[in-house]
Amino acid sequence: MSGFIMADDPQRNFRSAYYEKVGFRGVEEKKSLEILLKDNPLDLEKLSTFSQRFPLPSMYRIHVWKVLLGVLPPHSDSHSLVGGYRKEQYQDIVESLEVMRYINPCTPFTHIYLCMFQLESQVLPRCSETLPPNDENEDFLAIARAMEEIVDDPVDCYWLIKCFINQFHNKFGDSLPHLPKSLEHYLSQEEPRLLNHLRSIGALPQLPYSLWFKRCFAGCLPESSLQRVWDKVISGSCKILVFVALEILLSYKIMLIGNTRPEGVVKFLCNIPQENTDAIVSKAIDLWQKYCGNPNHAV
């Protein structure tokens with residue numbers, strides 16, 4: 001199975017194109033993933049490559065995310081044991097926070113997750129300090145709210161949020177400051193007139209980079225579209241975020257060029273219409289593959 005998605009088999013490509021045309025998109029991809037998930041131990045490299053190249057079927061998405069983020073180990077026969085430990089640890093942390101009176105039965109889950117994360121990271125503020133929410137906490141809560149829409153089980157939800165945020169900062173923390181320049185570069189390739197307009201009205205430095213790059217579009221895209229972007233981020237690419245931002249700008253270029261006030265541009269981009277986002281993500285993935293290649297290991 002080692003070459004299942006590496007080789008460009010024209011017969012396979014023809015079949016995939018045919019399946020897609022008649023509405024069975026991803027039939028072969030789903031079978032390939034099922035074969036991969038039978039490996040013991042699971043091959044993280046192949047799972048990452050699969051997730052980079054194809055959208056994950058919704059029935060397997062959470063399981064693949066848990067494996068790629070290290071919530072579950074590669075050895076499948078340990079999954080139920082490790083899952084039990086994760087649940088016990090979750091309950092222990094929640095009980096500790098209840099005893100210390102940081103949370104109560106009315107506390108929203110997203111705030112419980114934030115306190116848990118802070119306690120585990122040893123940055124939990126004193127209970128008496130009612131600190132104003134800082135940007136980092138707001139970024140955490142935005143990602144937590146989105147994950148809560150995608151994942152039903154609170155235990156899974158917490159571990160996915162924690163591991164997603166930790167992996168994102170560890171892997172891509174150094175890259176994040178460079179993403180706005182990268183966006184400028186690709187926009188100059190695709191639509192220089194729009195880039196010049198945004199620059200001339202002073203909107204370029206004010207674009208919602210935190211929403212796009214620090215929050216990975218949580219609170220910007222609806223979860224049905226967002227999870228397809230997070231497939232790529234979780235499997236190893238932060239560059240996909242640049243192309244989603246690029247495609248948002250391209251999709252609304254007429255409206256943006258017609259706007260001469262930077263605050264109007266920013267307000268619109270922070271609240272984009274929610275009905276067209278699946279098409280935006282699909283086009284963004286196409287652009288990402290056009291510029292970065294069809295990845296074996298995407299950047």
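Student: Which residues of helix α15 are buried?

Tutor: In this predicted model, the buried residues of α15, the helix spanning residues 262-270, are P262, V265, V266, F268 and L269.

Student: What makes these buried residues line one face of α15?

Tutor: Viewed down the axis of α15, the buried residues fall within an arc of 165°, so they line one face of the helix. In general, an α-helix has 3.6 residues a turn, so residues three or four places apart point the same way. The buried residues of α15 pack against α10 (192-200), α11 (209-214), α13 (239-251) and α14 (253-257).

Student: Why is E45 called exposed?

Tutor: The relative accessible area of E45 is 51%. The term exposed applies over 50%, and E45 is therefore exposed. This residue lies in helix α3 (residues 44-53).

Student: Which residues of α6 and α7 meet?

Tutor: Those in α6 include F109, Y113 and F117, and those in α7 include F140, L141 and A144.

Student: Which residues touch the most other members of the largest nonpolar core?

Tutor: Among the 98 residues of that core, they are F164, W212, F213, F217, W230, L241 and I248. Helix α8 (residues 154-172) gives the most to this core, with 11 residues.

Definitions and conventions: Residues are numbered from 1 along each chain as its sequence is written. This is a predicted model: local features need pLDDT of at least 70, side-chain atom pairs count only at pLDDT 80 or more; totals for chains, interfaces and linings use all residues. Side-chain values use heavy atoms; hydrogens and water are left out. Helices (H or I, at least four residues) and strands (E, at least two) are DSSP runs, numbered from the N terminus. Buried means under 20% relative accessible area, exposed over 50%, partly exposed in between (1.4 Å probe, protein chains only). The arc is that of the directions from the helix axis to the C-beta atoms. Contact means heavy atoms within 4.5 Å. A nonpolar core is a set of buried Ala, Val, Leu, Ile, Met, Phe, Trp, Tyr and Cys residues joined through side-chain atoms within 4.5 Å.
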